[in-house]
Amino acid sequence: MRTITYAALAIGSFAAATALAQQPAASAVASATVRATVEAVDLKTREVTLRRDDGELVTLVVSEEARNLAQVAKGDIVTASYQVGLVIALGPPGKEPVRVDDTQASRTAAGQKPGGSIQQTVAVTATVVGIDMATRTVTLKGPKQTVDLPVSKDIDLTKVKVGDQVGAVYQESFALTVEPAKKQ
């Protein structure tokens with residue numbers, strides 16, 4: 001059986017992480033993968049019924065953007081992978097908060113099994129506007145919003161001051177692959 005791979009997801013290698021790594025930083029990564037078997041495909045309504053590993057049936061309506069639906073058959077294996085990561089680091093004070101959004105997507109070529117990936121990256125510089133040592137919470141003001149974030153115990157909050165700049169890179173990735181059904 002030939003497995004078609006549509007995306008390689010790499011949360012750990014953020015483009016901006018190199019710059020952030022030179023400052024006191026914290027990071028977190030989480031991922032999940034779900035596999036299901038195709039039970040039915042209705043090309044007219046674009047509904048695909050999947051059987052999850054726990055036996056539950058799930059029916060999805062697939063948009064027109066997902067080309068190659070006609071290539072999906074009963075018994076095919078659908079794999080969906082989701083990953084999210086965050087790197088935060090202190091920087092020197094005095095910069096204006098900025099935000100940069102980047103989204104990249106890919107999909108399979110015509111005639112192949114459907115699949116693709118999407119990766120969204122947000123890089124932001126925010127200003128520390130409040131620190132609560134008792135609850136280990138820091139209030140950050142960015143270019144679009146102000147948020148209260150919990151701070152892990154491995155970060156020394158005595159080194160953080162109101163007015164400090166914090167750089168953060170948040171990346172979220174989703175990939176979908178379809179493997180042909182095993183030959184009987």
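**View 1. Lining of the largest pocket in the predicted model.** The largest pocket is lined by 31 residues. Val 62, Ala 66, Gly 115, Phe 174 and Leu 176 lie nearest its centre. A pocket is an open set of points on a 1 Å grid over the protein atoms alone, where a 1.4 Å probe fits, with protein on both sides within 12 Å along at least five of seven lines; lining residues have an atom within 4 Å of a point. The model is predicted: local features need pLDDT of at least 70, side-chain atom pairs count only at pLDDT 80 or more, and totals for chains, interfaces and linings use all residues. Residues are numbered from 1 along each chain as its sequence is written, and side-chain values use heavy atoms, without hydrogens and water.

**View 2. Make-up of the lining.** By class, 21 lining residues are nonpolar, 5 polar and 5 charged. Here Ala, Val, Leu, Ile, Met, Phe, Trp, Tyr, Cys and Pro count as nonpolar, Asp, Glu, Lys and Arg as charged, and the others, Gly among them, as polar. Strands that each supply at least two lining residues include strand 1 (25-42), strand 4 (77-91) and strand 9 (165-179). Strands are DSSP runs (E, at least two residues), numbered from the N terminus.

**View 3. Hairpin of strand 2 and strand 3.** Strand 2 (residues 47-52) runs antiparallel to strand 3 (residues 57-61), joined by 5 bridges. Glu 47 has Val 61 as its bridge partner. Between the strands are 4 residues. Gly 55 takes a positive phi near 95 degrees in this hairpin.

**View 4. Ser 117.** Ser 117 sits in strand 6. Its relative accessible area is 16%, so Ser 117 is buried (under 20%, with a 1.4 Å probe and protein chains only). Arg 107 is 10 residues away in sequence and 6.5 Å away in space, C-alpha to C-alpha.

How values were computed. Pairing = 2+ DSSP bridges. Buried < 20%, exposed > 50% of the residue type's maximum accessible area, 1.4 Å probe, protein only.
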